[in-house]
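Walk through this structure with me. We will follow its charged pairs, then turn to its surface.

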Amino acid sequence: SEKYNIKSIYDLTDPDTSVLFDSDGDGIGNMWAGHPGAASTIIEKLRAKSYGYDQTMELAESDLPINWAALDAC
């Protein structure tokens, strides 16, 4: 966060900032929202919409081990 001056969740609404989280090379930031069907995942998606970063970040749903494997691959 210090290196890229990210100080607020609202910084993720900036396309130039969100692209820093692009893990698949499509120019859009990627973020794990949580387990499919979990209440916390629904809340995260609502939070993304409320803060506006649903427009600049792709929110993925997957089981935790799959998410960890994806992080290892980065």
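R47 and E44 both sit in helix α2 (residues 39-51), three residues apart, about one turn of the helix. Helices (H or I, at least four residues) and strands (E, at least two) are DSSP runs, numbered from the N terminus. This is a predicted model: local features need pLDDT of at least 70, side-chain atom pairs count only at pLDDT 80 or more, and totals for chains, interfaces and linings use all residues. Residues are numbered from 1 along each chain as its sequence is written, and side-chain values use heavy atoms, with hydrogens and water left out.

How many salt bridges does the structure hold? There are two. A salt bridge here is a side-chain nitrogen of Lys or Arg within 4 Å of a carboxyl oxygen of Asp or Glu. R47 and E44 make one, at 2.8 Å from N to O. E44 is buried, at 12% relative accessible area. R47 is partly exposed, at 36%. Buried means under 20% relative accessible area, exposed over 50%, partly exposed in between (1.4 Å probe, protein chains only).

K45 pairs with E61, with the closest N and O atoms 2.4 Å apart. This pair links distant parts of the chain: K45 lies in helix α2, E61 in strand β2 (residues 57-61), 16 residues apart. K45 is partly exposed, at 34% relative accessibility. E61 is partly exposed too, at 35%.

Now the surface. L20 lies in the loop between α1 (15-18) and β1 (29-34). L20 is partly exposed, at 40% relative accessibility.
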